[in-house]
Amino acid sequence: MPEYILDWNKYTDTAIRVAEEGSVLIKNDRSALPLSKGANVAVFGRMQRNYYKSGTGSGGMVNVKHVVSILEGLQNEEGINVDETLLKIYDEWELDHPVDPGLGWGKENWSQDEMPLSDAVVKEAAGRNDAAIIVIGRTAGEDRDNTPQKGSFFLNDGEEEMMRKVCNAFSKTIVLLNVGNIIDMSFISKYDPAAVLYVWQAGMIGGTAVGNIVTGKAVPSGSLTDTIAKDLSDYPSSSNFGGDDLSKDFYAEDIFVGYRYFSTFAPEKVLYPFGYGLSYTTFEITDLGFSAEGTDVSVKLSVKNTGNYPGKKTVMLFAQTPSDRIATPSRVLVDFQKTEEIAPGQTEEITLRAGKNRYASFDDDGRLLGKTGWVLPKGTYSFYAGENVVEAGLSGSFELAEDTMVEQLESAAKPLQAFERLTIGGEYEPVPLRQVEHVDTRLERLPKEIPYTGDKGIKLSDVKLKKNTLDEFIAQLSDEELCLIIRGEGMGSPKVTTGTAAAFAGASKELQAMGIPALCCDDGPSGMRIDSGKKAFSLPNGTCLACTFNEKLNEELFDWFGIEMVSNEVDNILGPGINIHRHPLNGRNFEYFSEDPLLTGRIASAQLRGMDKHGVTGTIKHFCCNNRETNRRCMDSVVSERALREIYLKGFEIAIKEGNARSVMSVYNQINGAFGTANYELDTTILHDQWGFTGILMTDWWAYIDSIPENQFDHGLRSHSVMARAQCDIYMVCSSVERADLDATDTFENLKNGRTDLITRAELQRNAANILKYAMNTPAMDAIMGDRPVVKHIDCPFSDDAIEAKVDLYYEIDKDPVITVDVDTSEGKDFVFGITCNKLGVYECELVACSDLSPLAQLPITLYYTSIPLRVITFTGSEGQDVSQTTECILIAKHSVFRMHFGKRGLKLKCLKFKYLHGLENISFD
């Protein structure tokens, strides 16, 4: 029985180091940073106390005990003194102007109104202090894109006024950007702050990292994973991101995303280039030599610390390939490495390497050799090494005499709709269109059907112990069982850890009886979202993680995270998110890593390696082109095969081939006319056949499959047949997975009726094989075999209010719609409860409570549904009498978890009464 040690002090320290190394220093003039010992500091901006630990939506809903704000992080530093007079002014103002987070899914406010600052307040603060810190906060996320408006991508009027007044009054003004994504940076030239630092959304310990950085206990070493342009309109995708027609985005910029575009066509539009990042120290990078053995190149560099602080530095290698016949960018990242910490005056040598697979181009119309595939055009190949894409100098080159096919591949996933793409010289050319539909010939590619044997008593453990083959086990599965195994149950299935995203694999009684474990997957990637009220660790966001450029440190952090997953009986975390930062306004960029696919794939691989040490894993998502949140469930990403292969699929390919990714999630959106859940050419031809992927592919939650339903709550999305035949293995999620639910989808009916045009038994067996191979290598499988891993906790910060992974919170309102409770808010704890019902729809919920306080007392309750804040219900004091309030709630799954947060103490909740109003017809999230 394996035993893991979860040392929370070491876990926390690792997260803090990630946050420090991921912070990107943009400007540091007038010796602003680090602050001198004993410095008096005035902190401006209301978000100093209201830190954004992550973006919004499923990727950020981590239930934590405490978040260290930037203010707290600064106050904890003994070497500086925070201006308490100014802080008191902010605290008094906030009493009447509380933070308004926004209620409902995708309804969060991007920012908060700033406190108006009088000239006198700023002038007096300047007289008391040596420096000023301004905190700017932003959030966005799932179903919530940023917008080109004040208070989102741009500063709002209050922030502009604060910036102007503070920068005028202080010679040393330090701007800290608590954001999930890059924002407009024109304020730097406008107001000339002395220092600017992206501190991102760094999880529950973000404020601690900030305190360490500004005092010099830590030295920033982060590098930008995106290009910061001078103007939002400078990004090549701006004219094809949303706009008037939300049904489609045409990827007309093609492969020229981020620095690939700017280095080739518009270097003058760059404000801060890809890879940019300052330090408190300085470095001298010396090229020690270039070598090329065939198409394998290497560059040896020395990195010397020429400053006065110890520090780390990332060095990068870029390729420039022939572009006379096939358009290629001026620069493509082919390798990178971060040094260890280098002491002042010391040197570290690093060798960067790249093989042909790192810089080959995908020829999607056969223009070079008459076939589609990865090619190397004849000509000169030049390589540039340095600290960022602009400052990388020429290291060496080689000549290729002939056009070379690196890997010939059958064309797949081409667009159906004609459009033009950017190409050589800034011109546009027609995009090659699809000529063959692979799904039309799928019957020629079918796996061989395994003859049905019925139950032979073989358990899945027998397969793992090599007593029987997997085929012998699958031969026992009936048509009914094959139709059930491709369904996940959630959210909040009681078959796995309470309050998690789904149970899958052994989600029905019949499948469990065969020894198939019910596997648990949970929302990520910024930590575990556990709706039962169980606390978890909130990690730095994806952008921060990637800005470290430190694969070793990412692996170390996710090593600890993997142990935390095991302790919560979670087999699979739904992350990392590895979509490309195509445009700065994508609300979900905080979850994703970069505009560059190599960096994306390698950071994801590092995280997967960390988790894999403990038998758990992550689901890389969203496969693929989830590059806009607005209308994401319906929109079509129209993109060339070349851009797919080189930009939007490459990170996934790297994570699978180099990071051993075992689990992938498809997307809500369509890619070239077909939803990701049923896109045969993506899911079977590319992912499985060409890449050799042997893991599981699941849908996103309640994803559309082959059409857009009239009612978005129609979880009877029946077309599981076309999903399964595309080799998307698991539909996430169904309200219930039992034999009685077989008619909820079309798969069993199509098997009975012999509809081989839609699905075959052999294809379902293939899905089952993918799922079962995955299931056999999980902690849940180990538990069935009597070898459940044990986690020993050291200094767990949640031990005083620990909740077991599996708890019975559920009330069956079909049997009794009145839930009698006894919740005394004087304890200061949230009330978490679960609802089980078979009749989905809109319910009236009556809350009966009493309070000994007077009617003047305001007692607000925030109601959360699966961690989504739905509404605030306010009681008043009732002098001991029972009173009631009613509200509506929507139950969209058989098992639902609610949480009530009591804003003030003094209310006693006595019972909840549920009354069914109507079904889910005509209900919308909007």
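Student: How do the residues lining the second largest cavity divide into nonpolar, polar and charged?

Tutor: One sorts the lining residues by class. In this predicted model, the lining of the second largest cavity has 8 charged, 6 nonpolar and 1 polar residues. Its volume is about 80 Å³.

Student: Which of the 15 lining residues lie nearest the centre of that cavity?

Tutor: A327, R367, R421, E429 and R642 lie nearest the centre. Strands also take part: β16 (361–363) and β21 (420–422) each supply at least two residues of this lining.

Student: How much space lies in the largest cavity?

Tutor: The largest cavity holds about 110 Å³ of space. It is lined by 18 residues, and T139, A140, N146, G180 and N181 are the closest to its centre. By class, this lining comprises 10 polar, 7 nonpolar and 1 charged residues. Counting cavities of 30 Å³ or more gives 7.

Student: Let us turn to strands. How do the strands of a sheet pair?

Tutor: Strands of a sheet pair through backbone hydrogen bonds, in a parallel or an antiparallel sense. Here, 4 strands form an open sheet in the order β9-β29-β31-β32, with mixed pairing.

Student: Why is one side of β9 and of β32 left without a neighbour in the sheet?

Tutor: β9 (248–250) and β32 (674–675) stand at the edges and each has a single partner strand, so one side of each lacks a neighbour in the sheet.

Student: In which sense do β29 and β31 pair?

Tutor: β29 (residues 636–638) and β31 (residues 670–671) pair in the parallel sense, over 2 bridges. Within this pair, D636 stands opposite Q670 in β31.

Terms used:
Residues are numbered from 1 along each chain as its sequence is written. This is a predicted model: local features need pLDDT of at least 70, side-chain atom pairs count only at pLDDT 80 or more; totals for chains, interfaces and linings use all residues. Side-chain values use heavy atoms; hydrogens and water are left out. Two strands pair if DSSP finds at least two bridges between them. On a 1 Å grid over the protein atoms alone, a cavity is a set of points where a 1.4 Å probe fits but cannot get out, and a pocket is an open set with protein on both sides within 12 Å along at least five of seven lines; lining residues have an atom within 4 Å of a point. Grid points are joined across faces, edges and corners, and a volume is the space filled by probe spheres set on the points. Ala, Val, Leu, Ile, Met, Phe, Trp, Tyr, Cys and Pro count as nonpolar, Asp, Glu, Lys and Arg as charged, and the others, Gly among them, as polar.
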